[in-house]
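Biologist: Could you take me through this model? I would like to begin with the helix packing.

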Amino acid sequence: MDLGRLSKVDKLNNLSGARVNATCGTLSKNYHEVRCHPAPDAFNPCEDLMGNWALRVSVWFVAIAALVGNLAVLLVLISSRFRMTVPKFLMCNLAFADFCMGLYLIMIAIMDVRSIGDYFNHAIYWQRGMGCQMAGFLTVFSSVLSIFTLTVITCERWYTITYAIHLNRRLKLSTATKIMVVGWVYSIAMAALPLFDVSNYSKTSICLPMKNTNSTDSAYLIFLLLFNGLAFWMICACYARMYSSIRGGTEGVAY
């Protein structure tokens, strides 16, 4: 072993405060004592993108299930010999949205595998790179489109059940297509805004639009949350009305 070289390493070790191990002429740094600045948190870790192995395995399981399951749904519905109906059309849109979420989870899981134990060496490259921007776009696009489609499906089912005798007033495929075009445009717009510095995807390691430094960022985040909240309450209200209609019809028949 070159003692002069080791002496230089010891001096560097004393200056940096990090521990350097020398065994049989091999120098290795103990990365468990690395201090990250700013201080790491749940959204910006220092060593691992995923906090533990349970989370890591769960993400891989959900990602693969989302990709395989939703791809199977798309293939079955599109290749069906029967004509395309409104429920099938809406289910195709929902399956595609959830498939995109599976792609996002796969991208996060792969980055976790590449950077396990030393995420601090990849953080800047990942969060400011094209990969994180693509992942962020996918997660916002898929979540917004999924919520929008679920709301449309619920409203369509509510109207069909509540007004079952009005066969000529059902939602037509052409109308459903126009509604989903609006949903796609809205989803793409909301996912694209962070790419133009309205909030952004580089704030967190999992590429969520969490930046909130000015009024534009705040307006974007508030609007996104309000839309999701309104959609949730609309879905709950429709299911409550459906339950009430079905229960009332059952009691009427029994009477």
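Modeller: A word on terms first: axes are lines fitted to C-alpha atoms, for helices over the stretch in contact, and angles run from 0 to 180 degrees between N-to-C directions. This is a predicted model, in which local features need pLDDT of at least 70 and side-chain atom pairs count only at pLDDT 80 or more, while totals for chains, interfaces and linings use all residues. Residues are numbered from 1 along each chain as its sequence is written, and side-chain values use heavy atoms, with hydrogens and water left out.

Biologist: How many helices and strands are there in the protein chain?

Modeller: The protein chain has seven helices and two strands; helices (H or I, at least four residues) and strands (E, at least two) are DSSP runs, numbered from the N terminus. Their order from the N terminus is α-β-β-α-α-α-α-α-α.

Biologist: At what angle do α3 and α5 pack?

Modeller: Helix α5 (residues 130-162) packs with α3 at about 155°, and their axes are 8 Å apart. That makes α3 roughly antiparallel to α5; angles under 35 degrees count as roughly parallel, over 145 as roughly antiparallel, 65 to 115 as roughly perpendicular and the rest as oblique.

Biologist: And what about α2 and α3?

Modeller: Helix α2 (residues 53-78) packs with α3 at an angle of about 150°, their axes being 8 Å apart. That makes α2 roughly antiparallel to α3.

Biologist: Where does α6 come in?

Modeller: The axes of α3 and helix α6 (residues 173-192) come within 9 Å and cross at roughly 20°. The two helices are therefore roughly parallel.

Biologist: Changing topic, how many salt bridges does the structure hold?

Modeller: The structure holds three, a salt bridge being a side-chain nitrogen of Lys or Arg within 4 Å of a carboxyl oxygen of Asp or Glu. In one of them, R56 pairs with D112, the closest N and O atoms being 2.4 Å apart. This pair links distant parts of the chain, with R56 in helix α2 and D112 in helix α3, 56 residues apart.

Biologist: Are R56 and D112 buried or exposed?

Modeller: Both are buried; buried means under 20% relative accessible area, exposed over 50%, partly exposed in between (1.4 Å probe, protein chains only).

Biologist: Which residue does R157 meet in a salt bridge?

Modeller: R157 meets E156, at 2.8 Å from N to O. R157 is partly exposed, because its relative accessible area is 34%, whereas E156 counts as buried at 10%.
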